[in-house]
Amino acid sequence: HLQTTPIERWRAERQELDLTVECTPATVQLEVPFTAGFKIQNHTDREVNLNLLLAIDRMYPLCFNGPTVHNIGPCPPRGSSSVSLPFFAVQAGLQSLSGIELRDTATDRTYPFTSLCTVFVEH
């Protein structure tokens, strides 16, 4: 007879800040700029003043043309902010958007985000 052990549910701990992709095209053309829209959610009881950082070395083969630090500004307690950024792809295929971080300028704490979304890059 087969004996099994109950599976424990693993619950991801929610960060103080979340970054989600609100809108991006599912398919983009190689080396043609596209825009991705992001929503930043503040789960804390305090206002946070944020910078968005782009780690170019961790984004390849998706690239960003512009400054690697963007001042998002204040985000209210339990509130949200939105930002749109331009990207372009330098390699065809299914590509993952990674290498984006949020930094709370008051605490200097950094929140990294990986694999935010995938886009299909056509030749």
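Trainee: Why is Arg58 called partly exposed?

Mentor: Arg58 has a relative accessible area of 42%. Buried means under 20%, exposed means over 50%, and partly exposed is what lies in between, with a 1.4 Å probe and protein chains only. So 42% puts Arg58 in the partly exposed class. Keep in mind that this is a predicted model: local features need pLDDT of at least 70 and side-chain atom pairs count only at pLDDT 80 or more, while totals for chains, interfaces and linings use all residues. Residues are numbered from 1 along each chain as its sequence is written, and side-chain values use heavy atoms, with hydrogens and water left out.

Trainee: And what makes Glu101 buried?

Mentor: Its relative accessibility is 16%, which falls under the 20% limit, so Glu101 counts as buried. Glu101 sits in strand β9, residues 100–104; strands are DSSP runs of E with at least two residues, numbered from the N terminus.

Trainee: How do you know that Glu101 and Arg58 form a salt bridge?

Mentor: The rule asks for a side-chain nitrogen of Lys or Arg within 4 Å of a carboxyl oxygen of Asp or Glu. For Glu101 and Arg58 the N to O distance is 2.8 Å, so the pair qualifies. Arg58 is in the loop between β4 and β5, and the two residues are 43 apart in the chain.

Trainee: What else does Glu101 touch?

Mentor: Contact means heavy atoms within 4.5 Å. Leaving out residues up to four places away in sequence, the partners of Glu101 include Asn51, Leu52, Tyr111 and Phe113.

Trainee: How many salt bridges are there by this rule?

Mentor: Six. One of them joins Arg46 and Glu16 at 3.8 Å, N to O. Arg46 lies in the loop between β3 (34–42) and β4, and Glu16 in the segment before β1 (17–23), so the pair ties together parts that are 30 residues apart in sequence.

Trainee: Which other residue does Glu16 form a salt bridge with?

Mentor: Arg109, with the closest N and O atoms 3.5 Å apart. Arg109 is in strand β10 (residues 109–113), 93 residues from Glu16. Glu16, Arg46, Asp104 and Arg109 are linked in a salt-bridge network.

Trainee: Are Glu16 and Arg109 buried or partly exposed?

Mentor: Glu16 is at 32% and Arg109 at 41%, so both fall in the partly exposed class.

Trainee: What makes β2 and β8 edge strands?

Mentor: Two strands pair if DSSP finds at least two bridges between them. The open sheet runs β2-β11-β8, with mixed pairing. β2 (27–29) and β8 (93–97) each have a single partner strand, so one side of each lacks a neighbour in the sheet.

Trainee: How do you know that β2 pairs with β11?

Mentor: Three bridges join β2 to β11 (residues 117–122), and the two run parallel. In β11, Glu122 is the bridge partner of Gln29.

Conventions. Helix = DSSP H or I, 4+ residues; strand = E, 2+ residues; numbered from the N terminus.
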